[in-house]
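Subject: Handover of a structure and the findings from it

Dear colleague,

Please find below the sequence and the structure that I am handing over to you.

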Amino acid sequence: MIDIVLGGIMTEWTIKGEELANCNCNFGCPCQFSVLPTHGNCEAVVVFDIESGHYGDTDLAGVRAAGVYYWPGPIHEGNGQMQLIIDESASVDQRAALQAIMTGEDTDEMATMWYVYSAMAPTKHETLYVPIELNWNRDERTGFAKATGIFDVEVSPIPHIVSGAAHRASIQLPNGFEYRHAEAASGSAKTHGGEISLTFDATHAHLAHLNISGHGVLGA
């Protein structure tokens, strides 16, 4: 359950689950293609529905969490802010585990998106514990997520530019640190509370299956 890392003890962890992300960029998200953000900065809401996993001996199955993020420029330039939200039903041990994972602890350098987000967001607001409701379908690119009093996110298929019919596009990242495959969607989000204020309307969203550990993505 543990590794020795740089003279310290690293708690082993794994997570399998579903992710819904909505950011302020155009459909497709330039970051996925190593291009600068559409509007010069990056803002996002990302929600996680954990199906199975562990942090050391702590079972993480059934826990939900989210992050609200803001960077004044591209993520890699740093100076960002982040605020984590963990479902209030999580136990004390589960809360501590997710706090560690989502702030890049017990993770190889640059191995996960959580490590990168945390490293690039020196301003970390107090973690909130509220109910998180969600219901989405990755293949259909539809659904919602909400954290009571904090944010609402809705996703739907990207409309075809001519016919308006549901358009399907996906992103493959064989060497990604977040996922291997994601379905692209249109997302809308609004914060109602918390420390970071944002509003999106018909911007990039993606839905992905997560299979990840402190050493990186384990597979599809």
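Two strands are said to pair if DSSP finds at least two bridges between them. Helices (H or I, at least four residues) and strands (E, at least two) are DSSP runs, numbered from the N terminus. This is a predicted model, in which local features need pLDDT of at least 70 and side-chain atom pairs count only at pLDDT 80 or more, while totals for chains, interfaces and linings use all residues. Residues are numbered from 1 along each chain as its sequence is written, and side-chain values use heavy atoms, with hydrogens and water left out.

Overall form

The protein has 17 strands and two helices. Its radius of gyration (taken over C-alpha atoms) is 16 Å, close to the 17 Å that the globule rule (2.2 Å times the number of residues to the power 0.38) gives for 220 residues, so the protein is as compact as a globular protein of that length. The C-alpha trace spans about 55 × 35 × 30 Å along its principal axes. Of the 220 residues, 53% are buried; buried means under 20% relative accessible area, exposed over 50%, and partly exposed in between (1.4 Å probe, protein chains only). A contact means heavy atoms within 4.5 Å. Among contacts between residues at least 6 apart in sequence, 64% join residues at least 24 apart.

Strand E3 and its partners

Strand E3 covers residues 13-23. Nine of its eleven residues are buried, so E3 is largely enclosed by the rest of the structure. E3 pairs with E4 in the antiparallel sense over eleven bridges, and tryptophan 13 stands opposite tyrosine 55 in E4. E3 also pairs with E16, again in the antiparallel sense, over nine bridges. In that pairing, leucine 20 has leucine 207 of E16 as its bridge partner.

The nonpolar cores

A nonpolar core is a set of buried Ala, Val, Leu, Ile, Met, Phe, Trp, Tyr and Cys residues joined through side-chain atoms within 4.5 Å. The largest one here has 35 residues, and those with the most contacts inside it are Ile15, Tyr69, Leu98, Met102 and Trp114. At least two residues of this core come from each of E3, E4 (42-55), E6 (64-71), E7 (81-87), H1 (92-102), H2 (113-119) and E16 (199-213). E4 provides the largest share, six residues. Beyond residues up to four places away in sequence, tyrosine 69 touches a set of residues including Cys42, Val46, Leu84, Met102, Trp114 and Leu198. There is also a second, separate core of 23 residues, which includes Ala66, Ile150, Val155 and Ala189.

Helix H1

Which residues of H1 are buried? They are Gln94, Ala97, Leu98, Ala100, Ile101 and Met102. These buried residues pack against E3, E4, E5 (58-59), E6, E7 and H2. Just after H1, glycine 104 takes a positive phi of about 80°.

Asparagine 24 is found in the loop between E3 and E4, and it counts as buried at 7% relative accessibility. Its side chain makes a polar contact of 3.3 Å with the side chain of asparagine 41. A polar atom of the asparagine 24 side chain also lies 3.0 Å from the backbone nitrogen of glutamate 43.

Histidine 206 is found in strand E16 and is buried at 4% relative accessibility. A polar contact of 3.0 Å joins its side chain to that of histidine 204. Leaving out residues up to four places away in sequence, histidine 206 touches residues including Glu19, Leu20, Ala21, Gln32 and Tyr179.

Histidine 125 belongs to strand E8 (residues 123-130). At 19% relative accessibility, histidine 125 counts as buried. Its side chain makes a polar contact of 2.8 Å with the side chain of glutamine 81. Apart from neighbours within four places in sequence, histidine 125 is in contact with Gln81, Met82, Gln83, Glu195 and Ile196.

Yours sincerely

Conventions:
Polar contact = N/O pair within 3.5 Å; in protein donor to acceptor, adjacent residues only side chain to side chain.
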